[in-house]
Amino acid sequence: MTRDPAVVDGRRAPARGAFRGLDAAAYAAVGLSAALTVLIGLLGPSAMVPGLPGPAWQPPYSLGVRPDGHLVIAMAAAAIVLGGLGLAGALRARSGPAPRLLLVAGCAVAGLLAFLPPSGSADHLNYAAYGRLAALGLDPYAVTPAELPADPVTGAVEEWAGVTSVYGPVATAVHALASLIGGDSVRLTVFAMAAFNAAAFIGTALLLHRFTRADAGLSRRAALLWAANPLMLYHLAAGTHVDTLAVACMVAALVAHAAGNAARAGAVPAGVAGPGGPAVPAVPAVPVGSDGPGGGWRRAGSGVLLGLGIGVKLNAGLVALGPAWELRRSPRRLAVVAGAATATVLLTYGLAGPHVLDQVGAASKKVSLATPWQLAKTGLQAAFGPGAYSSWIQLGSLLLLACLAWLVLRATPRATAPAVSAALVAAWLFAAPYALPWYDGLAFALLAMAAGASWPALETFVLARTAVLSLGYLPAREAMRPADLLWLKTLLRERVVPWSLLALTLALAWWAARAGARARRRSASAAPRP
């Protein structure tokens, strides 16, 4: 049967040619959103952009206009709204730019943003401080930046100065290297971190493009979900968040895993071009035969990359369950991946010292203001007093995670490793008591890889969650916020966004339950009768 190249997973792929109507408007909104993100950084220190002490000749650079807080926050809100609506439209457009053009444009914006001051939060100042502590021979998991107030780098921290590092040892190693490059200059240290971040963002974009290059529709979708995704440019490229490093490791791990499957079966991974033809289906989860030339090494490499991703952020470990699912009937192959990943995790965390997980344990009990669990926390505190909510919320979030993961997995059209990982990460994002909008980058990258199992509804839910949560964190830093905009925190972040995300979570569960039931009915009707 000949495959219709214009149809991808039941959806008509975007056609080549001139833009038409709403398609052009959607891509214009995506471009305008990215331009606003660039402009926020270009204008210099503001309510959205922390100042960076250091010689002015050192990168990153800005115009130093110091714009009014109302203006830059309005620009950020417009970037989020335009980006969310534009991306939703572009993902469903039937015409648009070539995938390679989207890839190049997104990578160019990410590279440009590395030369501008980070915007959207002050987290990069904490990264610089923890890297500085490590470079000075101190333990960032036991010593806080506040303990070195006179140091030019640790003394520049705006928020969380009295808290030890919650980030993994691989992230700390990258930040320590940036600190060695930057020395006493906050500006140069941040630029070094931004350069590593941009390299990770662009490297991820190239891997996703290579993984889906055989099909123009899938390739364009991958570019929109990552390289040209205006919300990811806003949070990960402009915000220089450590999550970008974790995403790069996990995408590389899944690419290596797919290459191992290809070597084992004498085929190519799903979404990757076969000899002279279109994308081929995913190889069976457990084909008969050996791993093939280089297959074992690719599996070991996949495990090492998974371990490095966990070494950046522990929660990235959910991705490892995707390859584990595919290899569940092949204990020997699973042991190679799991063994390499476990050894890497034990090595990195072991070298980091006995306090590496101290802050992780404390952070696991926190509830961020904009999640639905904030509503539960308020109710439990009113009923049982302060401190009574922690164990109940932890238990509730685990149960919700298990329920959502089961429902979404039942609705997955094809349970490939990236699709299983995407379903689990999406369920975690909606169930977690503590979540921030830049955490969503991992879900977008995994959805971009789910070439043989893409489902538009889950993309829409993740996109809506990111946009709503992003609006709730305007601005993500407290410094220089105009006093008359306090309602952004007390009303929008603490009330409107939690209720909105609760509604989205319920809608996700309802959709997944219905989609899973339909999939089971189709499977039952297609099964041969005795």
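User: How many aromatic pairs does a search of the whole structure find?
Analyst: It finds 6 aromatic pairs. Rings of Phe, Tyr and Trp (its six-membered ring) pair if their centres lie within 6.5 Å; planes under 30 degrees apart are stacked, over 60 edge-to-face, and the rest tilted. This is a predicted model: local features need pLDDT of at least 70, side-chain atom pairs count only at pLDDT 80 or more, and totals for chains, interfaces and linings use all residues. Residues are numbered from 1 along each chain as its sequence is written, and side-chain values use heavy atoms, with hydrogens and water left out.

User: What about the rings of Y130 and Y167?
Analyst: Their centres are 6.3 Å apart and the planes stand at 55 degrees, so the pair is tilted. The pair links distant parts of the chain, 37 residues apart. Y130 is in helix α4 (residues 123-135), and Y167 is in the loop between α4 and α5 (169-182). Helices (H or I, at least four residues) and strands (E, at least two) are DSSP runs, numbered from the N terminus.

User: Is Y130 buried or exposed?
Analyst: Y130 is buried, at 4% relative accessibility. Y167 is buried too, at 14%. Buried means under 20% relative accessible area, exposed over 50%, partly exposed in between (1.4 Å probe, protein chains only).

User: Which residues do ring pairs link into a cluster with Y130?
Analyst: Y127 and Y167 join Y130 in that cluster.

User: And F201 with W226?
Analyst: That aromatic pair is stacked, with 4.8 Å centre to centre and 25 degrees between the planes. F201 lies in helix α6 (residues 186-212) and W226 in the loop between α7 (216-225) and α8 (230-237), so the pair ties together parts 25 residues apart in sequence. F201 and W226 are both buried.

User: Where does R328 lie?
Analyst: R328 lies over the face of W325, 4.0 Å from the ring centre. The charged end of R465 sits over the ring of F430, 6.0 Å from its centre. A charge sits over a ring if NZ of Lys or CZ of Arg is within 6 Å of the ring centre and within 35 degrees of the ring normal.

User: Switching to D23. What does its side chain reach?
Analyst: The D23 side chain reaches the backbone nitrogen of R94 at 3.1 Å. D23 is in helix α1 (residues 22-43) and counts as buried at 12% relative accessibility. Leaving aside neighbours within four places in sequence, D23 is in contact (heavy atoms within 4.5 Å) with A93, R94 and S95.

User: What does V170 touch?
Analyst: V170 touches L308, G311, V312 and T348, not counting residues up to four places away in sequence. V170 is in helix α5 and is buried, with a relative accessible area of 17%. V170 and L245 are 75 residues apart in sequence and 9.1 Å apart in space, C-alpha to C-alpha.

User: How many helices and strands in the protein chain?
Analyst: The chain has 19 helices and 2 strands. Of its 530 residues, 56% count as buried.

User: What share of contacts join residues at least 24 apart?
Analyst: The share is 77%, among contacts in the protein chain between residues at least 6 apart in sequence.

Key:
Polar contact = N/O pair within 3.5 Å; in protein donor to acceptor, adjacent residues only side chain to side chain.
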